[in-house]
Amino acid sequence: MKKRFVWIIGVSILVLLVTRQGYLHFAKRKAEKAWYVSRLHYKCSAEIHAIIRPGRALLRITAGDLNEDREWELKPQLREHRVLHLAIAKDSLYDLRVPNGVLAGDSVCINSDDDKLSVYRNGKLVITSPLSSSLRASPF
């Protein structure tokens, strides 16, 4: 009986420690994404040129700019992620993860200081989401 009780306590402690470690790991990754976005200092507007697939779109910048060099300057400072990307340039367009429900022709406002991505349709706000959720991370 005593042996079984010690076994149950030991396994319970192990499960709690593993759960705590997993929670801390994901919390650090989320905090690093927020830090990364806040250091980009992007403020720009864009028009959705085409939807690649749900959740991904090609954007044409209409005001402001996305400085890819700034993203590469921040990458060596990352600790939890090897690589993070916000927008990937393809010719004069940018490939960006966007919330579901956007359509070609919608306007997108990107403000990394506020960690906000806003989508407008016909001048009305349709969707607001955290810009950090648009980041692409390397799986390894």
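Two strands count as paired if DSSP finds at least two bridges between them. Strands (E, at least two residues) are DSSP runs, numbered from the N terminus. This is a predicted model, in which local features need pLDDT of at least 70 and side-chain atom pairs count only at pLDDT 80 or more, while totals for chains, interfaces and linings use all residues. Residues are numbered from 1 along each chain as its sequence is written, and side-chain values use heavy atoms, with hydrogens and water left out.

By these criteria, seven strands make up an open sheet with antiparallel pairing, ordered β4-β5-β2-β1-β6-β7-β8. Its edges are β4 (87-90) and β8 (124-129), each of which pairs on one side only. On average, neighbouring strands of the sheet are turned by 35 degrees against each other, direction ignored; the axes behind this angle are lines fitted to C-alpha atoms.

Ala87 has Leu96 of β5 as its bridge partner.

The cysteines are treated next. The structure holds zero disulfides, a disulfide being a pair of cysteine sulfur atoms within 2.5 Å. Cys44 is in no disulfide, and the nearest cysteine sulfur, that of Cys109, is 7.5 Å away. Cys109 is likewise in no disulfide. Accessibility is classed as buried (under 20% relative accessible area), exposed (over 50%) or partly exposed (in between), with a 1.4 Å probe and protein chains only.

| Residue | Relative accessibility | Class |
|---|---|---|
| Cys44 | 4% | buried |
| Cys109 | 28% | partly exposed |

Technical notes:
Helices (H or I, at least four residues) and strands (E, at least two) are DSSP runs, numbered from the N terminus. Axes are lines fitted to C-alpha atoms, for helices over the stretch in contact, and angles run from 0 to 180 degrees between N-to-C directions.
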